[in-house]
Amino acid sequence: MMTNLFSAFDPATSKSLSLNWISIILVMILIPMNYWIIPSKIMIIKMNIIKSLSLEFKLLLGPNSKGFSLLSISLLIYILINNMLGLLPYIFTGSSHMTFTLTLALPLWLSLMLYGWINQTHHMFAHLVPSGTPGLLMPFMVIIETLSNLIRPGALAVRLMANMIAGHLLMSLLGNNNNMNMILPMILSIQIMLMLFETAVAMIQAYVFSILMTLYTSELI
């Protein structure tokens, strides 16, 4: 029986509670912890990944990073594990909801705006008019730059949400066609390829989200 495609994204488990949102806390349990003096193989892999990410984020932020690379790495790991958990059966995907993605993007963007306009007001006004803009176009450029700045958190949130929803909808469509025995091998091969593709998307979207937030920060520091 074909059920509603979007029922997989429903966070409600009952009329009064939405216990599916507990899945976004599972990230804290899955992050490997260091209990021993001699690190395990998983810990070595984790530390190598964090070191390489830290070098890349510090390169984007410049010498005045002020420890923001730690926040970017934490954000990347958190979104990545949430996205990867959503690929497993019967686990709710929090990152496919605007509630989740906008909660991550909006406070970070708002804090950057408050910091910039309070501490670097002249720098923020200078950013509204790109260098080399003709005098006649300056009022229009201020409007365009202001609007592009205002839609940044929404663009970040929608990009992450839309990419996660698209793959899950395709997998739901293919998963509901298992009664067709004639084309079952073809459906299974497509599902395997789609699963590999969605794994790559889950990694890329976490990376893109944290990189864009880092680039927005690098404009202010």
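Modeller: A surface patch is made of residues with over 30% relative accessible area and no salt bridge, nonpolar side chains (Val, Leu, Ile, Met, Phe, Trp, Tyr) being joined within 5 Å. This is a predicted model, in which local features need pLDDT of at least 70 and side-chain atom pairs count only at pLDDT 80 or more, while totals for chains, interfaces and linings use all residues. Residues are numbered from 1 along each chain, and side-chain values use heavy atoms, without hydrogens and water.

Biologist: Which residues make the nonpolar surface patch of about 690 Å²?

Modeller: Leu19, Ile22, Ile25, Leu26, Met28, Ile29 and Leu30 make it. Ile22 lies in the segment before helix H1 (26-30); a helix is a DSSP run of H or I with at least four residues.

Biologist: How many residues has helix H4, and what is its reach?

Modeller: The expected span of a helix is 1.5 Å times one less than its number of residues. Helix H4 (residues 98-119) has 22 residues and reaches 31 Å from first to last C-alpha, close to the expected 32 Å.

Biologist: Which residues of H4 are buried?

Modeller: An α-helix has 3.6 residues a turn, so residues three or four places apart point the same way. In H4 the buried residues include Phe100, Leu104, Leu108 and Leu112. Trp117, by contrast, is partly exposed, with a relative accessible area of 32%.

Methods:
Helix = DSSP H or I, 4+ residues; strand = E, 2+ residues; numbered from the N terminus. Buried < 20%, exposed > 50% of the residue type's maximum accessible area, 1.4 Å probe, protein only. Patch = residues over 30% accessible without salt bridge, like charges linked within 9 Å, V, L, I, M, F, W, Y side chains within 5 Å. Areas by Shrake-Rupley, 256 points an atom, 1.4 Å probe, with all protein chains shown as cover. Salt bridge = Lys/Arg side-chain N within 4 Å of Asp/Glu carboxyl O.
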